[in-house]
Amino acid sequence: MALVKISAVPGMEFDVLVDGPEDAPLVLLLHGFAESFHTWDAQTAALARAGYRAAAPSQRGYSAGARPDPANTALYQFDHLVEDAMAIAAACGYANKRFHLVGHDWGGSIAWGIADKYPERLASLTVLSRPHPNAFNRALALPDGDQKHRSRHHRAFLEPDAAVVVLANDAEWLRVRWEANGVPPAATERHLAVLGNPAAMEAALAWYRARGAIRAPLGPTRVPTLYIWGDADDTVGRPAAEGTRDFVSADYTFEVLPGVGHFAADQAPGRISELLLRHLTCHPV
C-alpha cells in the first residue's frame, strides 16, 4: 500500500491510499465521518491480493492539501464531493471507463449520489451503514421517532462549537463512540492522526453544514448494489436499512451483520472484504 498525491481538482491535492496493479480494475473507496481513509486499510490490501487496483482517497477537507475554507460551506456542497470522487477516478485512469464504487457513512451518501448521476460509469456499488437517501428520509418521518432520535447528532454538528466539543478531552467524544462500536484502538489512532485536529475537524463538519438537516431525494439506483448494515448500528435503524431495497431497481443484495455497529469495516474487516470481493466478482467491469 502506498500514499500518493493526486491533483484531481484545480487547486487541491488529495492524499490517496493505493494498492494493487495499476492496470487492474479500479475500486474507489470513500470513507465517512468520523473516520478517515484508513477505514479501508484491510479492504485495499484484500482487493490488491485479488487483482484489483484499490484507491481510498482522503476526501475534501480531510486532506490538508484539499481543504478549502470551511467557513465557506458552499465549497463543501454535495455536488462538489461527488465531482471530487469522479475526478479522482479519472486521475486513476478511469475518465471514460467503468469502475467499482464503495462507500461508508458519508462516503456512502456520496456513492448513492454518484450512482444516481453516473450509473453508466459504475460496474457495481457497495454501501456500508448508510441507507439509500429515500429510505432514510422515509424512516425519519415515521411517527415512532426512532430514526430521528438515532440521527440527533447530525443537528448537533451544525452548532458553531461542534468541533471543539468533538475534540475536547483528547477527542473523548470520538474515542467513546468508536470503542462502543468495536473499533480497535490501533484504528482509532490512525483515524485521529488524520481527523484529530481543529482544521481537519472543522472541514469535516463543513460537510454537514453545507447540507443542513435535509437530504435531497434521489431516483431509484440502477447499479448492481450490495448494502451492508450491522444490526447494532446506533445511527441507522432497521426500517431505513430494510427499506433500501425499495429504491434499487438493479440487482440487489442486503447483508445484515449481527452484533456489528456503525463502523463495520473497522469492526469486521474480514467479513466486509469477503462480501465485497464476492460482489465484485459477480459484477465485473
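Trainee: Between which two elements does the loop with Ala-34 lie?

Mentor: Ala-34 is in the loop between β3 (26-30) and α1 (41-49). Those labels come from DSSP runs numbered from the N terminus, with helices being H or I of at least four residues and strands E of at least two. Keep in mind that this is a predicted model, where local features need pLDDT of at least 70, side-chain atom pairs count only at pLDDT 80 or more, and totals for chains, interfaces and linings use all residues. Residues are numbered from 1 along each chain as its sequence is written, and side-chain values use heavy atoms, with hydrogens and water left out.

Trainee: What kind of peptide bond joins Phe-33 and Ala-34, and how do you know?

Mentor: That bond is cis, going by an omega of about 0 degrees.

Trainee: Which residues is Phe-33 in contact with, leaving aside neighbours within four places in sequence?

Mentor: Among them are Tyr-62, Trp-106, Met-201 and Phe-263. Contact here means heavy atoms within 4.5 Å.

Trainee: What makes β5 (residues 99-104) count as mostly covered?

Mentor: Six of its six residues are buried. In a regular strand, side chains alternate between the two faces of the sheet. In β5, Phe-99, Leu-101 and Gly-103 are buried on one side, and His-100, Val-102 and His-104 on the other.

Trainee: How many bridges join β3 to β5, and in which sense do the strands run?

Mentor: Four, and the strands run parallel. Two strands pair if DSSP finds at least two bridges between them, so β3 and β5 qualify. Leu-28 stands opposite Leu-101 in β5. On to β6: it pairs with β5 in the parallel sense over six bridges, and Phe-99 stands opposite Leu-122 in β6.

Trainee: Which hand does the unit of β5, helix α3 (residues 106-117) and β6 have?

Mentor: This β-α-β unit is right-handed. The name means that, with the strands pointing away from the viewer, the path from the first strand over the helix to the second runs clockwise.

Terms used
Buried means under 20% relative accessible area, exposed over 50%, partly exposed in between (1.4 Å probe, protein chains only).
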